[in-house]
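Subject: Structure handover

Hi,

Here is the structure I promised to pass on. Please load it before you read the notes below.

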Amino acid sequence: MGARENILARIRRAQGRPGSGPTDAERAAVREAIARHEVGPQPPFAHAPDRLAQFLKECDRLGTTHDVLDSDARIPAALARYLDAGGLERRVTGWEAFAALDWAGAGIAFDNRPASGEDRTGLTGCFCAIAETGTALLLSAPAMPKVTALLPETHVLVVRRARLLDTMEEAFALLRAEVGDPPRAVFFVSGPSRTADIEQTIVIGAHGPYRVHVIVLES
Amino acid sequence: MQVQSMFFKQRAREKLEDPLLQGNLRKAKGKFVDGRAKAVAEFGVWEEVRTHAAKVRDRALANLDAYLLEFEAHATRRGAVVHWAQTAEEACAIIVGIARDNGVRKATKSKSMVSEEVGLNEALEAAGVQVVETDLGEYILQLAHEPPSHIVAPAVHKSKEQVADLFVAAHGKPRLTEIPAMAREAREALRGHFLTADMGISGSNFLVAETGTTLTVTNEGNADMVTTIPRIHVVITGIEKVIGTMEDFATLIRLLPRSAVGQSIANYLTLTTGPKMPGDADGPEQMHIVLVDAGRTKLLGGPMQEMLRCIRCGACMNHCPVYQNVGGHAYGWVYPGPMGSILTPVYVGLENAGDLPNAATFCGECAVACPVKIPLPDLMRKLREQQFDRRLRPWPERWGIALWSFAAMRPGLYAFGTRIAARVARWMGGREGLIHALPGLDGWTKGRDMPAPAGRTFRELYRQRRGNHG
């Protein structure tokens, strides 16, 4: 017998259940329990009356800066202001979804490709965002490289207001409804990367970005 | 990892006498405990979520085989290869085999306590694979050739000055004095490794049965590099980590970072299902998942099963007065503090770690802090009972307990014995009423005096007072 069979048999023996593996009825019961997708209790602030305010409050706590714009067309100019204010280079590597914006008009050099270790600012969208924790959910997909959110020192993240949800459970429900099976990577980002591994002192900017800037689009 | 738990008493004494370590431990203590207390206070429904979390963990553990097979079926359907390892040796052999079959020369790792358990780094290095730890704390310890002393903050026992010395030796750059500069230097040193490793090795905080998903929880972003960039991704984790659904994960993740460090959420939660899909912009070509038993099935089926709910937040050790004073290395294996005092004796043998369930004041703080309601002191008491039953305690202790239980079950004898003992102790206390030394119990009196009793027992006084007033 192989390791797998031995481990399964040991589990059943320890728990006093006969046989060498789960019965069909046990498997079916587990599938039924899973299919219920039972939602546990949630903190009161997860369902705030003003969802956007809750989202921005959590962003502040995480050290995520933010901007609220009324249309896509305003992204390049807003981003130019943000880069200038931070003394950052006017060069952005971003997802294809943003390639058609008027970058030249805002004086920004836009590279439509996955970011490398050399790129300074990465621009991505997201599948949805979560107000409870100030979180964005990104999915791996052909035109949505995750490295763009990860390798550059600055990550600019576009969130559409219509895709802002209250909780992680709602995000998973939306994922099931729109995508079905989760893609290879489901990636929740909440603020810039950090470490407290030396003397429990929080340092912003560990391996991921030093800065996360969220642009909320009202449209 | 080699077990040193049989030397707990000696190591604890050394740690208590190490002024540098004592200073480092004092600095850490308040940050963890205060951070958690604040996060819990503002959460609102902490007890409700704890109760639900314990329920979802119990549900999976009660049908562990069926949940594991459900996980395996979905992971396999998505193109991952699922391996099963009964022992540490099997787990290492599987991963060394994957490395060898694919010509792997360099592996980057995010933090995995299971990999520490099985001694994975040593096994890979013996097979000629360079292993690079990428969690900052683990990286520091790899440079220092030391094991972690905390499951969440592995280098909590090191001061920034000690880190600065290690970095000078490893990076050959001028000595740094500020922590942010050290973090940046480590980032730069590790960036090249992230981009050139052939294999990424991660743990998995949970295994989601409904989709065959593994997942990592980090603040640094290192696990995302490790699971995204190399061409092979290997997950090593324990069989007890399986949960039913994404909703169960949502519940548990409300508790984990708050309990660990007082954060409402960790910066990066990465759920990984299978290797790169056709057309994906990034991701590994192969994904392997190694499910490790190595003692876990020994906890199943009895009262100790509750221990397998553990989500590895570290709150129990942060709140433990013993851990706070001796640090993690005294415990002599991978898991320190209260959770380690249960896991270590079960995984490596009670005869090798007999002091650990006794290294407790039974103050109960760990059970209060535990986000999944593991009754840690009760489980330690069970291990103490097992030690007594298996005659693993020293004979004076066993005879002493046997004698006490003989007397305690005979009220007349007990009253007579305590009357004698109270008078002897009174006499020993002398004029100042303090006992300086107790024969056979010098552990109690070495560092303090014991106040002598009044010379009469409670029952004598009770009888006398009732006589006066009745």
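I start with burial in chain B. Buried residues make up 51% of the 470 residues in this chain. Keep in mind that the model is predicted, and that every value here is computed from it.

**Chain B overall**

Chain B holds 21 helices and twelve strands. Its C-alpha trace spans about 90 × 55 × 45 Å along the principal axes. Now take the contacts in chain B with a separation of 6 or more: 74% of them link residues 24 or more positions apart.

**Strand β10 of chain B**

This strand covers residues 286-292. Six of its seven residues are buried, so β10(B) is largely enclosed by the rest of the structure. The cut-off behind that step is 20 or more other C-beta atoms within 10 Å of a residue's own.

Which strands pair with β10(B)? Strand β1 (residues 81-85) of chain B is one of them, and the two run parallel over five bridges. In that pairing, B:Val81 stands opposite B:His288. Strand β7 (residues 232-238) of chain B is also a parallel partner of β10(B), joined to it by seven bridges. Here B:Gly238 has B:Val292 as its bridge partner.

A general point for viewing strands: in a regular strand the side chains alternate between the two faces of the sheet.

**Helix α18 of chain B**

How many of the 14 residues of α18(B) are buried? The count is zero, and the helix is hardly covered. Its length also checks out. Helix α18 runs over residues 395-408 of chain B. At 1.5 Å a residue, its 14 residues should span 20 Å, and the end C-alpha atoms are 19 Å apart, which agrees. The expected span uses one less than the number of residues.

**Chain A**

Chain A has six helices and twelve strands. Of its 219 residues, 45% count as buried. The C-alpha trace of chain A spans about 70 × 40 × 40 Å along its principal axes.

What is the radius of gyration of chain A? The value is 22 Å, whereas a compact globule of 219 residues would have one near 17 Å.

Best regards

Key. Residues are numbered from 1 along each chain as its sequence is written. Chains are lettered from A and ligands numbered from 1 in the order in which they are written. This is a predicted model: local features need pLDDT of at least 70, side-chain atom pairs count only at pLDDT 80 or more; totals for chains, interfaces and linings use all residues. Helices (H or I, at least four residues) and strands (E, at least two) are DSSP runs, numbered from the N terminus. A residue is buried if 20 or more other C-beta atoms lie within 10 Å of its own, exposed if 12 or fewer, and partly exposed in between; C-beta atoms are placed from the backbone. Two residues are in contact if their C-beta atoms, placed from the backbone, lie within 7 Å. The radius of gyration is taken over C-alpha atoms; the globule rule is 2.2 Å times the number of residues to the power 0.38. Two strands pair if DSSP finds at least two bridges between them.
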